[in-house]
Amino acid sequence: MLRDPGAIRILAISSHLDDAVLSFGAGLAQAVRDGAKATVYTVFAGTAEPPYSPAAERMHTVWGLSPNEDASLHRRKEDIAALGHLGVAHHHGRFLDAIYRKSADGRWLADHVEGGQKLAMNNRPDAGERDDLVAEIQGDIEAVIDECDPTLIVTCAGIGGHPDRAAARDAALFAARKKNVPIRLWEDLPYAIFQPGSVELPAGFRLGSPKFGSVGSDVWARKFQAVEHYPSQLTMLNGRDKNLFARLDDHARKASPQGQGETTWPVLRG
């Protein structure tokens, strides 16, 4: 993917404050090691003001925080540490995670599922609300593109259907097209492992052939070390009855004989 790494400037558009490292941390680490510059812009990293939704309060508790604590500030600090471990710069966006947002009719977008850590997106925004959000995100991404001058943009494929990931992806696609920057999509990990699905892109875009970016064991380990800088998220993704790192290892082995790396797709127009 990187024919002349020293001339490459990667801008990764991450929806949440761990998505880029979980899904493309090895690719970022390898690119930086090869001499490329990399920046992660996280879209939904803004600070919400209380009162929070019941879903947000529940998730704060799951993350090991108090229900009314500024979880976004806590998670931004985790993200800075994780990206710093990879040698990657960070930009944190102003938009609020879905658990802090309401639809136009005043209802919370997310609700928690009793007895577990899962969320239910019970009240998705209508088409007009979503289009407005995507347009706002696109404007901010274009400003970051102007600042970073990337030669490649990488973002999520949106597997699993989370509205934040889909909105960030679509905004990145539109911004990349307007700024004439090549863009690739990463496989949403670990969510694509247990929620596989097709990728539905906006009109005018289609996926090219997938490519498995193989890395060495040292770079693979560096990704895992970066992931460990997100202890709040590891309370959900890793634990006694679920081993995140074993899942990622197994998934990579199934994707390629090389066994360590990540899958991305180029985005084609038309």
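## Helix 4 against helix 5

Helix 4 crosses helix 5 in a right-handed sense (for a right-handed crossing the near helix is turned clockwise from the far one by less than a right angle, and for a left-handed one anticlockwise). Before going further: this is a predicted model, where local features need pLDDT of at least 70 and side-chain atom pairs count only at pLDDT 80 or more, while totals for chains, interfaces and linings use all residues. Residues are numbered from 1 along each chain as its sequence is written, and side-chain values use heavy atoms, with hydrogens and water left out.

Helix 4 covers residues 127-148 and helix 5 covers residues 163-179; their axes sit 8 Å apart at an angle of about 50°. Helices here are DSSP runs of H or I with at least four residues, strands are E runs of at least two, and both are numbered from the N terminus. Axes are lines fitted to C-alpha atoms, for helices over the stretch in contact, with angles running from 0 to 180 degrees between N-to-C directions. That angle makes the helix 4 and helix 5 pair oblique, a label for whatever is left after roughly parallel (under 35 degrees), roughly antiparallel (over 145) and roughly perpendicular (65 to 115).

On the helix 4 side, the contact (heavy atoms within 4.5 Å) includes Leu133, Ile137, Ile141 and Ile145. Helix 5 brings a run of alanines, among them Ala167, Ala168, Ala171 and Ala175, plus Phe174. Sorted by class, the helix 4 to helix 5 contact has twelve nonpolar, one polar and six charged residues. Nonpolar here is Ala, Val, Leu, Ile, Met, Phe, Trp, Tyr, Cys and Pro; charged is Asp, Glu, Lys and Arg; the others, Gly among them, are polar.

## Helix 1 and its partners

Helix 1 and helix 7 have axes that come within 9 Å and cross at roughly 130°. That makes helix 1 oblique to helix 7, and the crossing is right-handed. From helix 1, the residues involved include Val21, Leu22, Gly25 and Arg33; they face a helix 7 set that includes Asp218, Trp220, Lys223 and Val227. The tally for helix 1 with helix 7 is eight nonpolar, three polar and three charged residues.

Helix 1 also packs on helix 3: these axes come within 9 Å and cross at roughly 35°. Val21, Gly25, Ala29 and Val32 of helix 1 meet Ala82, Leu83 and Leu86 of helix 3.

## Two cores

The largest nonpolar core holds 38 residues, and Ile10, Val21, Leu28 and Leu244 have the most contacts inside it. A core in this sense is a set of buried Ala, Val, Leu, Ile, Met, Phe, Trp, Tyr and Cys residues joined through side-chain atoms within 4.5 Å. Buried means under 20% relative accessible area, exposed over 50%, and partly exposed in between (1.4 Å probe, protein chains only). Elements giving at least two residues to this core include strand 1 (9-14), helix 1 (19-33), helix 3 (71-86) and helix 9 (244-255). Helix 1 supplies the largest share, eight residues.

Leu244 touches Leu22, Pro190, Val227, Leu234, Leu237 and Asn238, leaving aside residues up to four places away in sequence. There's a second, separate core too: it has 31 residues, with Tyr41, Val144, Leu173 and Ala192 among them.

Most residues other than glycine have a negative phi, and most peptide bonds are trans. Two prolines here follow cis bonds. The Pro50 to Pro51 bond is cis with omega near 10°, and Pro51 lies in the loop between strand 2 and helix 2 (54-62). The bond joining Leu189 and Pro190 is also cis, omega about 0°; Pro190 sits between strand 7 (183-186) and helix 6 (191-194), in the loop.

As for positive phi, Asp149 has a value near 50°. Asp149 is in the loop between helix 4 and strand 6, and is partly exposed at 47% relative accessibility. Asn180 has a phi of about 60° and lies in the loop between helix 5 and strand 7; at 60% relative accessibility, Asn180 counts as exposed.

## Arg206

Arg206 is found in strand 8 (residues 205-207) and is partly exposed, with a relative accessible area of 45%. Arg206 and Val267 are 61 residues apart in sequence, yet 5.7 Å apart C-alpha to C-alpha. Leaving out residues up to four places away in sequence, Arg206 touches Leu201, Pro266, Val267, Leu268, Arg269 and Gly270.
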